[in-house]
Amino acid sequence: MSAAVLSGKELSEAIRAETASEAAELAAAGIPPRLAVVIATADESSAWYVRSIARAAEKAGIVCDLVDLGPDAAAGTIRETLAELSGDPVVHGVILQTPLPGGAALEDLASAIAFEKDVDGASPLSLGRLAAGLPAFAPATAEAVVALLDHHAIELSGRHAAVVGRSTVVGKPAAHLLLDRNATVTVCHSRTADLAAVTSAADIVVAAVGRAGLITAEHVRPGAVVVDVGTNPTAEGGLVGDVDAGSVRGRAGALTPVPGGVGPVTTALLLRHTVRAAARTGGAAARVGREGSG
Ligand SMILES: Nc1nc(=O)c2c([nH]1)NC[C@@H]1CN(c3ccc(C(=O)N[C@@H](CCC(=O)O)C(=O)O)cc3)C=[N+]21
């Protein structure tokens with residue numbers, strides 16, 4: 001048996017097409033959607049993501065500003081930049097790339113991103129609202145996991161999902177989104193005793209740790225669905241996941257590929273969030289305009 005391939009290509013293209021048409025409508029109404037990407041890292045996986053955001057934004061008709069503060073940026077500088085972009089009326093989405101320089105924590109700095117512009121759901125307010133089941137942008141990567149499973153008609157309700165990784169951008173929000181869909185969720189991490197025993201009890205394994213090839217066949221129950229969130233750069237300039245696909249393929253029922261799985265859906269959802277944020281501020285501006293002329 002070889003695992004079915006849960007491609008993200010079709011879904012990401014559909015989201016991007018819909019986003020492009022919404023962006024065109026907004027631009028025609030005088031509100032060109034605009035996303036600011038704040039970079040304070042030299043991480044290769046992040047650089048890859050930023051290039052892919054910039055390319056996809058251009059194709060979708062979204063203006064994308066890359067604000068590169070350099071890998072040695074001070075936490076205070078990052079915070080001020082986020083606050084400034086949050087106050088800029090022409091910017092609709094603000095995202096801070098991780099990993100951050102020493103002394104800077106996303107959990108702390110992201111509170112400087114205005115809630116309405118927090119299109120990667122990074123602030124404690126967004127994550128708290130997500131956990132409470134209130135409207136908020138979910139981190140694009142975490143949302144991509146669930147969107148990809150939905151797209152491939154994989155049942156979540158009542159099933160046991162093991163999330164490997166507890167980061168603020170992926171593991172924790174993915175756990176909340178899965179829980180919200182009535183999955184039984186176990187969150188595993190670097191201190192989990194006997195990881196393989198825990199993950200091989202699950203129907204769905206979500207690997208989001210950032211360690212190439214960590215998940216092997218012994219971690220997977222035969223027939224289980226495996227979602228690979230990892231995007232680890234290789235020495236050859238390629239990209240590999242957290243799942244050892246060669247080993248898992250023969251045991252899992254379905255597996256998301258890297259590249260071409262969660263990654264492209266992540267980028268597409270980030271752009272969708274940006275357009276939705278623009279539509280909301282645009283709506284508010286239009287109301288203000290009417291009242292002003294009224
Ligand atoms: N605040 C924050 N949020 C993030 O979501 C975040 C981050 N920081 N820092 C860096 C990592 C990395 N990451 C990727 C997302 C998509 C691809 C991606 O689209 N990969 C393509 C391959 C690259 C391409 O073809 O352009 C694929 O998997 O098919 C890669 C990497 C998000 N991250």
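The model is predicted, so to speak of local features a pLDDT of at least 70 is needed, side-chain atom pairs count only at pLDDT 80 or more, and totals for chains, interfaces and linings use all residues. Residue numbers start from 1 along each chain, as its sequence is written. The domain assignment gives domain 1 (31-115) and domain 2 (140-263), with bounds that come from an automatic or database domain assignment. Both domains contribute at least three residues each to the shell around the ligand.

**The three-stranded sheet**

- Helices (H or I, at least four residues) and strands (E, at least two) are DSSP runs, numbered from the N terminus, and two strands pair if DSSP finds at least two bridges between them.
- Here 3 strands make an open sheet in the order β3-β2-β4, with parallel pairing.
- Its edge strands are β3 and β4 (93-96), each pairing on one side only.
- Neighbouring strands of this sheet are turned by 20° against each other on average, direction ignored; axes are lines fitted to C-alpha atoms, for helices over the stretch in contact, and angles run from 0 to 180 degrees between N-to-C directions.
- Strand β2 (residues 34-39) is joined to strand β3 (residues 63-68) by 6 bridges, and Ile39 stands opposite Asp68 in β3.
- On the other pairing, 4 bridges join β2 to β4, where Leu96 is the bridge partner of Val38.
- Helix α2 packs on the sheet, touching β2 and β3, and its direction makes about 155° with that of β3; residues are in contact if their C-beta atoms, placed from the backbone, lie within 7 Å.
- Together, β2, helix α2 (residues 44-60) and β3 form a right-handed β-α-β unit: with the strands pointing away from the viewer, the path from the first strand over the helix to the second runs clockwise.
- Helix α3 (residues 75-87) lies across β2, β3 and β4, at about 165° to β4.

**The six-stranded sheet**

- This open sheet has 6 strands in the order β1-β11-β8-β7-β5-β6, and the pairing is parallel.
- β1 (4-5) and β6 (184-188) are the edge strands, each with pairing on one side only.
- Strand β5 (residues 160-164) pairs with β6 over 5 bridges, and Ala162 stands opposite Thr186 in β6.
- Helix α7 (residues 171-180) packs on this sheet, touching β5, β6 and β7 (204-207), with its direction at about 170° to that of β6.

- The centres of domain 1 and domain 2, taken over C-alpha atoms, are separated by 26 Å.
- Each domain puts 6 residues into the contact.
- On the domain 1 side, α2 and α4 (106-109) are the elements that give two or more residues, and α2 gives the most, with 3 residues.

**The ligand shell**

- There are 23 residues around the ligand, and Ser46, Tyr49, Ser52, Pro259 and Gly263 come nearest; a residue is near if its C-beta atom, placed from the backbone, lies within 6 Å.
- α2, β4, α6 (140-151) and α10 (262-293) each supply at least two residues of the shell.
- The largest share, 5 residues, comes from α2.
- By type, the shell residues divide into 11 nonpolar, 11 polar and 1 charged; Ala, Val, Leu, Ile, Met, Phe, Trp, Tyr, Cys and Pro count as nonpolar, Asp, Glu, Lys and Arg as charged, and the others, Gly among them, as polar.

Methods: Two residues are in contact if their C-beta atoms, placed from the backbone, lie within 7 Å.
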